[in-house]
Amino acid sequence: MASLVLVCFIAAGGYLYFRAFSPDHGKYPVRGIDVSHHQGQIDWRRVAADDVAFAVIKATEGGDHVDDAFSTNLREARAAGLAVGAYHFFTFCRPGADQAKNFISVVPHDQPLLPPVVDIEFGGNCPQRPTPEQLNAELAAFLAPVEAAFGKPAIVYLTDEAEQAYAGRIPARPLWLRSLLLQPDRGDWIYWQYHNKGRVDGINGDVDLNVLQGGPAVLAALSAPSSGSIAPEAK
């Protein structure tokens with residue numbers, strides 16, 4: 001009985017640690033979230049008041065899907081004073097060129113935005129797994145027109161699993177790494193997604209939490225209309 005109580009105590013402590021985890025604020029002062037329609041209606045002014053400086057918002061998926069909350073989230077997050085950007089969920093079942101057309105047709109080109117993001121992950125994707133060579137070719141077909149349209153290098157989001165499968169074999173771009181509770185074991189990242197069940201005022205339920213590598217000046221540079229690359233310093 002005592003051992004069961006101990007196990008429950010340890011499990012509860014681990015859960016509370018997970019819920020409360022946050023990287024050192026002095027080292028990573030710029031906080032952000034990524035959202036889609038799954039977060040429902042968002043009160044962006046409350047979000048902005050809860051130590052959130054940027055939001056990367058799902059725009060598209062595959063060759064024809066558009067997130068139905070994208071335009072509202074983009075407009076309201078910008079109005080609340082956040083730096084905003086858009087991401088595309090890259091499916092393994094459609095040519096990269098088709099997916100680029102979808103993203104470019106949905107995301108506005110006439111307003112300041114964070115660099116476009118392409119999301120590479122296995123969860124929720126097609127069951128087929130491209131070889132590294134196949135993914136490299138399709139990603140290149142996506143990135144070329146997207147970067148030409150938005151005038152800045154794209155950022156590639158990788159989950160742990162996708163990084164293990166494809167790291168070093170995809171086009172070299174700034175990275176957004178998912179590493180829950182642990183700092184990424186490499187230093188060449190722009191965003192670090194450290195929590196997938198975070199809580200932010202203005203959002204009902206869980207939301208992904210992120211930090212930027214760098215301070216407000218880096219965030220401003222990423223948001224500015226520019227064809228220059230912003231490379232993080234390795235830590």
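Predicted model: local features only at pLDDT ≥ 70, side-chain atom pairs only at ≥ 80, totals over all residues.
Glu-161 is in helix α6, which covers residues 160–166. Is Glu-161 buried, partly exposed or exposed? With a relative accessible area of 48%, Glu-161 is partly exposed, because the cut-off for exposed is over 50%.

Leu-222 has a relative accessible area of 4%, so it is buried. Along the chain, Leu-222 and Pro-115 are 107 residues apart, and their C-alpha atoms are separated by 6.5 Å.

Next, strand β8. The strand runs over residues 189–198. Eight of its ten residues are buried, so β8 is largely enclosed by the rest of the structure. Which strands does β8 pair with? One is β7, residues 175–178, which runs parallel to β8 and is joined to it by four bridges. Within that pairing, Leu-175 stands opposite Trp-189 of β8. Another is β9, residues 207–212, which pairs with β8 in the antiparallel sense over five bridges. There, Tyr-191 has Leu-212 of β9 as its bridge partner.

Now the aromatic residues. Searching the whole structure gives twelve aromatic pairs. Take Phe-54 and Tyr-191: the ring centres are 5.1 Å apart and the planes are at 20°, so this pair is stacked. The cut-off for stacked is under 30 degrees. What does the pair link? It links distant parts of the chain, since Phe-54 belongs to strand β2, residues 54–61, and Tyr-191 to β8, 137 residues apart. Both Phe-54 and Tyr-191 are buried.

Tyr-28, Trp-189, Trp-192 and Tyr-194 come together as one aromatic cluster. Trp-189 is also the residue that Leu-175 stands opposite. Elsewhere, a charge meets a ring: the charged end of Arg-129 sits over the ring of Phe-122, 4.2 Å from the ring centre.

On to helix α3, residues 70–79. Its buried residues are Phe-70, Asn-73, Leu-74 and Ala-77. Why do these residues share a side of α3? They cover an arc of only 100° around the axis, which puts them on the same side of the helix. What do they pack against? Their packing partners are β1, α2, β2, β4 (83–89) and α4 (96–106). Just after α3, Gly-81 has a positive phi of about 95°.

Last, Gln-39. Gln-39 lies in the loop between β1, residues 31–35, and α2, residues 44–48. Is Gln-39 buried or exposed? At a relative accessible area of 14%, Gln-39 is buried, because the cut-off for buried is under 20%. A polar atom of the Gln-39 side chain lies 2.9 Å from the backbone nitrogen of Ser-36. Leaving out residues up to four places away in sequence, Gln-39 touches Asp-34, Ile-203, Asn-204, Asp-206 and Val-207.

Technical notes. Residues numbered from 1 in each chain as written. Heavy atoms only, no water. Phe/Tyr/Trp six-rings, centres within 6.5 Å; stacked < 30°, edge-to-face > 60°. Helix = DSSP H or I, 4+ residues; strand = E, 2+ residues; numbered from the N terminus. Buried < 20%, exposed > 50% of the residue type's maximum accessible area, 1.4 Å probe, protein only. Lys NZ or Arg CZ within 6 Å of the ring centre and 35° of its normal. Polar contact = N/O pair within 3.5 Å; in protein donor to acceptor, adjacent residues only side chain to side chain. Contact = heavy atoms within 4.5 Å. Arc of directions from axis to C-beta. Pairing = 2+ DSSP bridges.
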